[in-house]
Amino acid sequence: MGATDSKRKLTDSCLTEKQKSNILKLFDVRGRGRGTPVTDETLQSVWKGVFSEGLLTIILRFLFKTTKEVYIDDMELFFYHLVEGSTRERAELLVALLGIENSIPPRSFQIYVSYLMESYMMILQKEHPETFSIWVTADLTEKSDIAVVSKFLINDIEYVEGRIESSELEKWLLRCGFYEGIFTSVMNYAFNMEVEQLSPVLPKLDKMSSLLRVPTALALSYLTNTSGREDWRLLYSSSSDASSWNIIHRKINEQGPTVILIQDAAGPLFGGYASQSWKISPNFYGDERSFLFRLRPEMSVCYPTSYNKNFQYMNDGTATLPNGLGMGGQLNYFGFFLSSDYGVGSVSKTCTTFGNYIPLASQYDFRFTRLEIWGIGDPEDKTASAKAKQDKLVMERDPAAQALLEMMGKAGHSKNLPDPY
């Protein structure tokens, strides 16, 4: 490699002085300025604990493919193509890093994504040790969960004769925000750049989860789009709470958005994200931010179809309607349903509410061994909600009050409030 005028001009025009200064500080370990050679040993020392062993091997193999030394200019150029370049440039660089004959075998790309996720988790552990520590257990499913999530991420890449070409990779980079967040966070961190917030955010738990691990938690954090609401509150856990339907619905009632995790006795781990508070009602409610998912043995996500609005259902004590908690589908044919008869549930063959649907459990009627329901962010402000509903009723019953609002320039103030269920 080595410095050239074209490299200098490119990095001078595309990188800020701050970026160049950060790279110089990181790699100029001998204090000799830009002329300092950057060796394999230097990079191994600088990047140990930042890149996973597998990702570090890939990067070093690329940088020292034809030379024993690179220079600061080379590292600036490498950073530019990794992070600051166009999507096409970044796709072409990935093909150069991982590919054979201008394309990448899918298996090689999945392994690379797994290495990248491992690197991100290493950085999270260094930067947020308290948050990270509550996720660490003696359970050995971490590696398998990384594989599950990485396979899910690349599922929608189109192959040409069983290989990934740079044009298809470019399209995938544009639509896979989860990968983009992790990749950008890892590379900026590795090149000594200021990273305001690592993305996706690892939720902060008030108690340890018996079902989630860091890889699946990161995926759900991204999919629920709840960054900025990182605190997850354990509302119900079969490991610590009584095996009672009454306990479940009382604990989750009006607690804001929730993630439901169901461990099928036969193996699958699945559930749903409910974007609105749960409440007892004979009718469906919720909105299109909701979705269903399976996390193990393979990961899949079922997004709303807009065919109907049957997102959430929770009922209790009725003789003619299902009693329990369900998401999607229709009465008696839910995407999944947890019966008020504790420990049993059902899934349907199809689900009109959520697309890409396959039966989430091992059988249409299943038993679960573990159940967790997490509240995301702060609980619903019941006082404010009740006041808003009361104000709406006052306006509807008191025409004089409505007229006064109109005179104050606030016409329709109460008309836009949602109808109570």
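**Figure 1. What covers helix H9 in this predicted model**. The residues being covered are Asp145, Ile146, Val148, Val149, Ser150 and Leu153. Here "buried" means under 20% relative accessible area, while exposed means over 50% and partly exposed lies in between, using a 1.4 Å probe and protein chains only. Helices (H or I, at least four residues) and strands (E, at least two) are DSSP runs, numbered from the N terminus. H9 itself takes in residues 142–153, twelve in number. From its first C-alpha to its last, H9 reaches 17 Å, close to the 16 Å expected at 1.5 Å a residue. That expected span is 1.5 Å times one less than the number of residues in the helix.

A word on how to read these views: this is a predicted model, so local features need pLDDT of at least 70 and side-chain atom pairs count only at pLDDT 80 or more, whereas totals for chains, interfaces and linings use all residues. Residues are numbered from 1 along each chain as its sequence is written, and side-chain values use heavy atoms, with hydrogens and water left out.

**Figure 2. Asp145, a residue of helix H9**. Is Asp145 buried or exposed? Asp145 counts as buried because its relative accessible area is 1%. Its side chain makes a polar contact of 2.9 Å with the side chain of Arg296. A polar contact is a pair of N or O atoms within 3.5 Å; within protein, one must be able to donate a hydrogen and the other to accept it, and residues adjacent in sequence count only if both atoms are side-chain atoms. Leaving aside neighbours within four places in sequence, Asp145 is in contact (heavy atoms within 4.5 Å) with Arg213, Pro215, Thr216 and Arg296.

**Figure 3. Helix H11 and its buried residues**. Ten of the 14 residues of H11 are buried, and the helix is mostly covered. Among them are Phe178, Tyr179, Ile182, Phe183 and Met187. The end C-alpha atoms of H11 lie 20 Å apart, in agreement with the 20 Å that 14 residues should span at 1.5 Å a residue. After H11 comes Asn192, which has a positive phi, near 70°.

**Figure 4. Aromatic pairs across the chain**. How many aromatic pairs does a search of the whole structure find? The search finds 26. Phe178 and Tyr222 form one that is edge-to-face, with 5.7 Å centre to centre and 75° between the planes. Rings of Phe, Tyr and Trp (its six-membered ring) pair if their centres lie within 6.5 Å; planes under 30 degrees apart count as stacked, over 60 as edge-to-face and the rest as tilted. This pair links distant parts of the chain, since Phe178 belongs to helix H11 and Tyr222 to helix H12, 44 residues apart. Phe178 is buried, at 3% relative accessible area, whereas Tyr222 is partly exposed at 36%. Tyr342 and Phe368 form an edge-to-face pair too, with 5.3 Å centre to centre and 70° between the planes. That pair also links distant parts of the chain: Tyr342 is in the loop between strands S13 (333–339) and S14 (344–346), and Phe368 is in strand S15 (residues 365–376), 26 residues apart. Both Tyr342 and Phe368 are buried.

**Figure 5. Glu127 in helix H7**. Glu127 is partly exposed because its relative accessible area is 41%. Not counting residues up to four places away in sequence, Glu127 touches Tyr189 and Leu198. The side chains of Glu127 and Tyr189 are joined by a polar contact of 2.7 Å. Leu198 is 71 residues from Glu127 along the chain, yet their C-alpha atoms are separated by 9.1 Å.

**Figure 6. Asp287 in the loop between strands S8 (269–274) and S9**. With 17% relative accessibility, Asp287 counts as buried. Which side chains make polar contacts with the side chain of Asp287? One is that of Gln276, at 3.2 Å, and another is that of Arg289, at 2.7 Å. Not counting residues up to four places away in sequence, Asp287 touches Ser275, Gln276 and Phe311.
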